[in-house]
Amino acid sequence: MDNMAMGSMVMGDGVPSLFSLQQMYWAVVGTAIGCAAVVNVYEKALCRQRLSAASGSLSTPAKPKGLLPRSCATAAAVVREVAYVSPPPIAVGSVVLRPPPLGRTILVLSNLVTLTVLCFYKLDPRDEWQYEDIAYRAGFIAICQLPLLFLLSAKTSVIGFLTGSSYERLNWLHRWAARCLFFTVIVHMGYWFTSWGKFDYILVKLKTDPMSKTGLGAGVVLLWIVISSLSPIRGWNYEVFVIQHLLSFTAFITMVYLHVPREVRVWVWIPVGLYFFDRFVRLSVVLYNNLSIFHPRQRRAGKCNGLWACKAEFTPLPHDTTRVTIADPPISWEAGQHVFLSCHSIVPLQSHPFTISSLPEDGKMEFLIKAKRGGTDRFFRYAKGSHGLPVARTSSSSSSQASRKSIAIEGPYGRIRPLQQFDTVILLAGSTGASFTMPLMRDIVGRWSGGGRTQRSGVLRLFGRSQGVVTRKVRFVWVVKGRSQVDYFACEIEKVIADVKELRGNRQDGTEVDISVYVTCDESFTGEQSSDSPGISSVFSQEHGKVEDLGLTGSDDEKKMPPPQSNDVRVKVQENTKEVAGVKPVNCCCTNVLEDENAIVPACNCETCSIPTPTPPKDHDPEKPASSPPRSTTTITTTPSSSSTTASVQGGQNGSPPPRAIRILSGRPECRNLIQRELELARGESAVVVCGPSSLVDAVKDAVVSLSDERAVHKGSGAQGVRSRTCIHATNSSPSSPRFVMLS
């Protein structure tokens with residue numbers, strides 16, 4: 001059968017040849033990629049136009065004007081509203097199944113329908129005499145899908161480059177494309193077995209025909225690949241999954257090569273070539289990033305000693321978290337990107353992706369790694385052993401004495417639509433998910449300070465480099481278990497507050513940053529503590545009353561606070577914890593959902609952690625939108641220290657309102673109300689970015705879908721659109737390495 005020219009075989013009048021059907025499939029795939037590429041080009045052009053308008057001092061650069069921009073915004077709003085919808089989770093015993101969003105479902109079903117049509121076009125699946133024709137056709141359609149699988153899985157993907165998506169945002173499509181491939185393989189095998197079964201010929205064929213043996217073997221291996229790629233199995237042990245996945249892929253490709261006719265083996269060589277090309281590019285990137293010979297400037301400056309360019313310090317933090325710091329890294333990156341990090345002296349032969357929590361201007365590459373299992377746990381145990389007791393932030397002297405390990409980095413990877421083109425940016429994070437959102441906030445504030453910084457990446461930009469910042473306000477929400485976690489980014493938050501204060505003092509451009517921290521579980525409800533980080537230090541007492549701020553809101557009608565008499569400001573958060581049976585509560589997890597940050601709510605304690613009914617402020621009018629709500633009482637405790645934080649509570653020059661600083665609240669955020677307040681004040685398209693546990697991601701996605709429908713951009717309400725970008729802090733998919741998987 002190897003010598004048969006099956007691809008050119010005609011199966012009847014008007015029936016396309018097998019080669020023609022393969023070309024038809026790739027015409028459909030190419031059209032879909034082309035449409036996505038056109039959208040990517042349009043978004044780049046729109047971004048450039050908005051940034052140019054902002055640099056020209058246009059009041060509302062993020063608001064579409066004109067028939068064509070409004071029509072495009074309307075179409076985008078309709079598509080996003082449909083694509084973001086997620087069916088409710090399905091509970092099967094102790095397992096919770098989360099159906100994919102509607103947009104993903106439509107895309108996968110479209111591919112499945114295309115494959116089904118190509119397999120059965122002008123053939124009768126009930127005609128026994130056409131069983132073999134259907135089997136042949138399904139086999140040819142199946143093998144032509146192999147290049148698509150590898151294009152979607154590669155780190156250096158052509159599809160990703162054309163569509164503006166990074167590999168992690170295409171990975172889900174890679175898995176579903178494999179499942180669609182398995183569907184066509186089932187059709188191929190099923191019709192052959194049915195045809196042979198009429199003559200009781202199945203076992204004879206499998207015993208005597210080498211092509212049938214290799215075909216069955218390839219089908220079994222593909223079945224294993226599909227099953228082992230399911231989330232529960234993939235998350236059981238990620239290192240084992242990666243190794244067996246590579247071995248299974250090798251076995252599958254080998255059996256397919258032996259099974260198919262020679263005329264279609266080109267479909268096998270294409271994915272093999274794509275795989276080795278991707279590996280070659282990745283190896284080149286690794287060598288360039290980590291060998292000091294490629295960075296002579298750093299060598300002359302004394303930043304790279306020896307052959308290896310990167311050395312890292314491991315610092316233990318509270319809540320089983322490790323801070324990994326690479327001083328003077330030889331590469332640059334963008335906010336929100338990640339690298340694959342490996343330290344073979346601690347975790348041999350493993351490499352895992354971690355989001356970079358710092359910016360290039362910091363002069364260091366920093367990661368926050370939550371200890372789970374495997375490599376991340378080894379990192380934390382090594383950090384504890386080399387530093388002793390955990391600390392929140394090491395001093396310069398202790399850092400210099402810390403043992404440094406040679407480390408390898410691959411990347412950076414990840415693409416995100418520039419956030420500085422949106423009027424309002426809402427950033428929500430859970431736990432170490434702030435390592436993704438914190439650089440994004442700092443990047444926007446840095447662009448404010450620099451008057452619109454240019455892109456730092458050396459990658460060729462389609463429309464060159466543009467300046468200007470559209471964003472007026474950044475809303476940053478961080479949900480943590482303990483207040484000690486705030487110290488992870490204490491210095492960064494303090495610098496953001498100081499920078500915004502300086503901006504508002506120098507020019508009245510209306511820029512604003514609003515930061516809230518929600519504490520859900522705190523292990524220290526008694527005593528009075530303060531962190532080592534200046535300016536953001538917190539004082540806790542056993543009384544409950546209210547949550548105090550480091551500043552005031554930016555509303556004009558609010559009461560101004562007089563400047564403090566000393567140099568440092570401390571946030572004072574008062575909590576109440578009742579003793580149950582004479583035992584003080586420990587590890588209390590607050591389940592209160594705070595619908596209004598400004599409302600005074602009952603204390604959250606371990607005895608009754610029910611959802612409270614918020615008490616509205618005295619001047620609250622239910623008929624008015626919650627855009628400028630009155631503030632609760634604020635108390636400031638001061639101690640002599642640096643003067644940088646004092647500015648954050650003083651009003652701006654010429655009577656301008658002071659920038660809001662940081663609030664620490666006990667409970668969980670009501671995502672819908674929080675997002676709605678910011679959207680009501682937006683003057684153009686807004687962006688919502690969330691990174692954290694799946695529960696937080698789902699809540700934000702549902703809120704965005706609901707608000708998109710209510711605001712009705714495409715229904716003539718005049719409200720502005722909202723763009724959502726979500727990522728799951730998916731420790732389940734890789735237990736030893738927290739990963740960020742982009743969903744939209």
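Is C343 buried or exposed in this structure? Let me answer that before anything else: in this model, which is a predicted one, C343 is buried, with a relative accessible area of 1%. C671 is buried as well, at a relative accessible area of 4%. A disulfide is a covalent bond between the sulfur atoms of two cysteines. When the whole structure is searched for such bonds, the number found is zero.

Now let me step back to the protein as a whole, which has 744 residues, 51% of them counted as buried. It contains 19 helices and 23 strands. If we take contacts between residues at least 6 apart in sequence, 75% of them join residues that are at least 24 apart. The accessible surface comes to about 33300 Å², and carbon and sulfur atoms account for 59% of that.

Next, the record. In an unreviewed entry, UniProt places the feature "transmembrane region" at several stretches, including residues 135-164 and 240-260. In the model, residues 135-164 are 77% helix and 0% strand, and the C-alpha atoms at the two ends of that span lie 37 Å apart. For residues 240-260 the figures are 95% helix and 0% strand, with 30 Å between the end C-alpha atoms.

Beyond its neighbours within four places in sequence, S165 is in contact with G160, L170 and R415.

Let me turn to a sheet. Four strands form an open sheet in the order β7-β4-β3-β8, and their pairing is antiparallel. Its edges are β7 (364-370) and β8 (404-406), each of which pairs on one side only. On average, neighbouring strands here are turned by 30° against each other, if direction is ignored. Within the sheet, β3 (residues 311-317) and β4 (residues 321-327) pair in the antiparallel sense over six bridges, and E313 stands opposite T325 in β4. Helix α14 (residues 375-387) packs on this sheet, where it touches β3, β4, β7 and β8, and its direction makes about 85° with that of β3.

Why is strand β10 (residues 424-430) described as largely enclosed by the rest of the structure? The reason is that seven of its seven residues are buried, so the rest of the structure largely encloses β10. Both of its faces are covered, with T424, I426, L428 and G430 buried on one side and V425, L427 and A429 buried on the other. Strand β10 runs parallel to β11, to which seven bridges join it, and it also runs parallel to β21 (residues 686-692), joined by six bridges.

I will finish with a glycine, G468, which lies in the loop between α16 (434-450) and β11 (473-480). At 8% relative accessibility, G468 counts as buried. Although G468 and G56 are 412 residues apart along the chain, their C-alpha atoms are separated by 8.2 Å.

Notes
Residues are numbered from 1 along each chain as its sequence is written. This is a predicted model: local features need pLDDT of at least 70, side-chain atom pairs count only at pLDDT 80 or more; totals for chains, interfaces and linings use all residues. Side-chain values use heavy atoms; hydrogens and water are left out. UniProt positions are given in the numbering used here, feature names are shortened, and annotations may be inferred rather than shown by experiment. A disulfide is a pair of cysteine sulfur atoms within 2.5 Å. Buried means under 20% relative accessible area, exposed over 50%, partly exposed in between (1.4 Å probe, protein chains only). Two strands pair if DSSP finds at least two bridges between them. Axes are lines fitted to C-alpha atoms, for helices over the stretch in contact, and angles run from 0 to 180 degrees between N-to-C directions. Contact means heavy atoms within 4.5 Å. Accessible areas come from the Shrake-Rupley method with a 1.4 Å probe; for residues, only the protein chains shown count as cover.
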